Amino acid sequence: MPSAPPLLDLLLVPAWLVPVEPAGVVLQGHALGIRDGQIAWIGPRERAPQAQAVRELPDCLLTPGLINAHGHAAMALFRGLADDLPLMTWLKEHIWPAEGRWVDETFVRDGTDLAIAEQLKGGVTCFADMYFFPREACDRVHHSGIRAQIAVPLLDFPIPGAQTPDQALHQAIELFGELRHHPRIRIALGPHAPYTVSDTNLEKIRIIADQLDAPLHMHIHETASEVEQAVKDNGERPLARLARLGLLGPNLQAVHMTQVSDDDLALLVESNTSVVHCPESNLKLASGFCPVERLWQAGVNVAVGTDGAASNNDLDLLGETRTAALLAKAVAGSATALDAHRALRMATLNGARALGLEAITGSLEVGKAADLVAFDLSGLQQQPVHDPVSQLIYATGRECVKAVWVAGQLLVDERRLTRMDEAALAANARAWGARIGGRNE
């Protein structure tokens, strides 16, 4: 006789299940089974295999974990430091001097812990980070249980932790080799922006990225003035320059892209480059509007990111996705632009594709990692539930995150972190605030 199938480790039974792939599907009366950290079964509850544990999730919508495709995690400790300023003033007169004074391994460790905790409680199971002392960030990701892409920042001038671009490149190569088999961490190269990295260094970065098959994560076309200055100085738009240098392609994550000409669009489509949209940071810094619907309809993969908490000022990807959906309609002049289901896809599977992780996460499919979020839709503000995805995008806040799993591990339960001490994190952040603000000097 055939042997019985192995027990599931855990069976989740939500009110609604949205796999994201296939698109637009909402399942009711279905359950999801987890075994060895992966999704092992999805189907009608009455047909569910035996499980060691069953968790009922009444009034909950089960979705893939949210993917924050761009941020600077440790900058959570600079939250609110220099608000209501233009981008270059904000950077040159406030953020860069503060980083020069305060950023070290301890700052990155504590700031990254704070950011990871905030993101997990908001339903984020994977995030892309670009900040100094990336080894510290990798350590915090490893211990927290979250999934991440860590981009090693590369600039022409000295930065905290790397005095030269070659030193930063060496660090990136070392980290890539050490962590290439880590189940939850992927290393990327992070040339900061076209205006901070020379052709010579970009060519070095491209060669290393090609050799390692490593992702590239870069701020591109963040503002109109950036593009105008590049044309004035070099006679070409930054994206065209990157194309000439061979950096465009499926491994490139082009962050911001608020300025997109017809030629830019053609380059993005032809190269299969992903765009990471950061609407709230762009709005707050008056950087411009990424034409999300135009990109989407042309076939460009568009993900969503929060940017850092110093320019947002939160790491609330669900709120970011709502802003993205509403802004897309205004920019496109169409109420049908970026509907709720596509917005959720942008915050999940599109993010996974941008990070090269679509075979691992981003949708609820058998064989993928059990990266999951249960959103509680029982509140008055969500009633009645005609379409749970619309309610999630347009009527639900991150405080409705009930439970979060990464690779099958329960990291948030009943809205509380299971591995991190929230009170200690808050106290440590307050202490950093006092130091940075000069209140104990």
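Axes are lines fitted to C-alpha atoms, for helices over the stretch in contact, and angles run from 0 to 180 degrees between N-to-C directions. The model is predicted: local features need pLDDT of at least 70, side-chain atom pairs count only at pLDDT 80 or more, and totals for chains, interfaces and linings use all residues. Residues are numbered from 1 along each chain as its sequence is written, and side-chain values use heavy atoms, with hydrogens and water left out.

**Exercise 1.** Describe how α2 and helix α3 pack.

Solution. Helices here are DSSP runs (H or I, at least four residues), numbered from the N terminus. Helix α3 covers residues 134-144, and its axis lies 9 Å from that of α2, at an angle of about 35°. Contact (heavy atoms within 4.5 Å) involves, among others, Val 108 and Ile 116 of α2 and Ala 137 and Val 141 of α3. By class, this contact has 4 nonpolar, 2 polar and 5 charged residues.

**Exercise 2.** Classify the orientation of α2 and α15.

Solution. Helix α2 (residues 105-121) meets helix α15 (residues 422-436) at about 130°, with the axes 10 Å apart. Angles under 35 degrees count as roughly parallel, over 145 as roughly antiparallel, 65 to 115 as roughly perpendicular and the rest as oblique. The pair α2 and α15 is therefore oblique.

**Exercise 3.** Is Ser 271 buried or exposed?

Solution. Ser 271 is in helix α8 (residues 262-271). Its relative accessibility is 16%, so Ser 271 counts as buried (under 20% relative accessible area, with exposed over 50% and partly exposed in between; 1.4 Å probe, protein chains only). Leaving aside neighbours within four places in sequence, Ser 271 contacts Leu 248, Gly 249 and Pro 250.

Definitions and conventions: Helices (H or I, at least four residues) and strands (E, at least two) are DSSP runs, numbered from the N terminus. Ala, Val, Leu, Ile, Met, Phe, Trp, Tyr, Cys and Pro count as nonpolar, Asp, Glu, Lys and Arg as charged, and the others, Gly among them, as polar.
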